[in-house]
Amino acid sequence: MITEGLGRLGSNLQINWDLVDLLNIGSRFALWGLFSLLLVEVLRDSYHALCHQVDWLAKWHNKHHAAYRRDLSLVSPKAYQDSQLYHDMFESGLLLVVVTLVALFSKQIGLWLGVFYAGTFMYAASMRYFLGTIDTDYAHQPGALDTTPSVWWVNRSYHWRHHFDNVNAYYSGVFPLVDRILGTGLSLQGKAIAITGASGALGEALSTELLKQNAKVIALTTNPDKLAAGNSENNRFKVLSWEIGKEAELKECFEKVDILIINHGVNAYCDRTTEAINSSYEINTFSALRLIDIFSSTVTGAQSKATKEIWVNTSEAEVSPALSPLYELSKRALGDIVTLKRLDDTCIIRKLILGPFKSQLNPHGVMSAIQVAKGIMFFAKRDFRNIIVTINPLTYILFPIKEVTTWLYYRIFSKPPRRRERQEEED
Ligand SMILES: [Zn+2]
Ligand SMILES: [Zn+2]
């Protein structure tokens with residue numbers, strides 16, 4: 001009886017060991033499979049980056065660039081066929097050979113998933129070339145760009161920037177991983193960038209960093225005398241005076257601006273008078289929102305959704321104490337409304353979530369404005385939409401939680417303008 005029972009237990013255990021083995025094989029396959037997809041992505045996009053650096057590779061790759069006009073319509077059927085053969089088929093063939101060799105030598109079954117993935121690119125390119133069908137892939141569909149560049153995958157607006165904004169950036173083809181690594185997820189070269197609060201410590205530091213990236217800076221300040229003297233020798237640096245309440249006067253200037261950085265602010269510290277409440281909200285919240293609306297009204301061209309951006313310095317006060325109640329209240333209101341406005345996808349809106357740095361507003365800041373400006377540049381070039389630069393570790397945990405939950409809540413309980421109008425008509 002006992003031996004029979006032990007025998008049964010033994011066979012049960014045998015089955016469990018088989019199951020463990022199966023799970024091991026399954027998870028190993030999944031891990032290697034995932035790795036191989038990542039490998040294909042990294043190899044293809046790195047090769048693309050190389051094409052723009054090495055002359056003899058550029059000759060082949062440029063066939064691809066030569067096939068499209070600014071609205072992504074085709075230059076000619078011949079140019080398109082050439083680009084399929086010399087670029088798409090050559091590139092995917094090379095990729096297929098490399099990934100197959102890796103799979104053969106490593107003897108991991110999971111890696112064949114990458115071979116299959118690379119094979120789909122080769123198959124699509126061959127079909128387009130041999131059948132002669134003009135059937136462009138999703139990133140090259142012609143017409144106006146009606147969405148902003150995606151942060152998760154390479155959509156039309158994302159890739160359009162590689163063709164017509166800067167060919168030495170935006171190399172990624174499907175997932176923007178390589179651009180994140182290389183810092184080519186956003187090119188500031190030649191961009192017209194207007195910045196408010198330009199005479200403050202961060203404004204000056206950001207202007208310096210932007211000029212280093214070969215951008216043209218329009219310093220918007222309520223204090224023009226302070227700026228003009230120091231930087232006027234540089235013809236990529238212009239100073240423009242503006243006033244709170246007269247934001248509408250900047251519309252003409254914004255028509256030619258690619259990126260607007262809203263960086264001005266006031267700190268009432270421990271003041272709680274009615275005047276302090278009014279001026280905190282007027283300067284930190286409402287003036288910033290008016291600038292966002294005026295700039296948004298200039299996002300009208302067929303390709304402007306791809307290049308126009310707003311960066312808003314909402315500060316770490318969105319989630320952490322700033323030891324100044326009115327500063328926190330007005331900046332939180334601004335941050336929340338920016339989250340609400342992002343739902344309309346008018347243009348990219350980045351938030352700058354900054355910790356305490358030394359400035360006129362905060363003489364006790366721990367970081368220097370230059371350090372913060374360099375941090376902002378690092379993350380902006382890697383296409384971070386929420387740029388957190390602080391020494392407070394809690395902000396890195398609290399801000400993403402707050403942003404995602406607020407975004408979800410606003411998404412459920414608010415509607416885009418068009419749908420709302422239609423509902424009012426029905427009522
Ligand atoms: Zn392309
Ligand atoms: Zn290219």
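The UniProt annotation "transmembrane region", from an unreviewed entry, covers residues 85-105; such annotations may be inferred rather than shown by experiment, and the positions follow the numbering used here. This is a predicted model, where local features need pLDDT of at least 70 and side-chain atom pairs count only at pLDDT 80 or more, while totals for chains, interfaces and linings use all residues. Residues are numbered from 1 along each chain as its sequence is written, and chains are lettered from A and ligands numbered from 1 in the order in which they are written.

Over residues 85-105 the chain is 100% helix and 0% strand, with the end C-alpha atoms 29 Å apart. Helices here are DSSP runs (H or I, at least four residues; strands are E, at least two), numbered from the N terminus.

Now for the packing. Two packed helices are described by the angle between their axes and the distance between the axes. Helix α3 takes in residues 77-106, and its axis and that of α2 (residues 55-65) come within 8 Å and cross at roughly 125°. That makes α2 oblique to α3. Axes are lines fitted to C-alpha atoms, for helices over the stretch in contact, and angles run from 0 to 180 degrees between N-to-C directions. Angles under 35 degrees count as roughly parallel, over 145 as roughly antiparallel, 65 to 115 as roughly perpendicular and the rest as oblique.

Who touches whom here? On the α2 side, Trp60, His61, Lys63 and His64 meet Asp82, Ser83, Tyr86, His87 and Phe90 of α3, contact meaning C-beta atoms, placed from the backbone, within 7 Å. By class, that contact has three nonpolar, four polar and two charged residues (Ala, Val, Leu, Ile, Met, Phe, Trp, Tyr, Cys and Pro count as nonpolar, Asp, Glu, Lys and Arg as charged, and the others, Gly among them, as polar).

α3 also packs with helix α4 (residues 112-130), at about 160° with the axes 9 Å apart. α3 is therefore roughly antiparallel to α4. Residues of α3 in this contact include Leu85, Met89, Leu96 and Ala103, and those of α4 include Val115, Ala118, Met122 and Tyr129. The contact of α3 with α4 divides into 13 nonpolar, eight polar and two charged residues.

Asp336, Thr339 and Leu340 of α12 make the contact with Glu403, Thr406, Trp407 and Tyr410 of α14.

Technical notes: Two residues are in contact if their C-beta atoms, placed from the backbone, lie within 7 Å.
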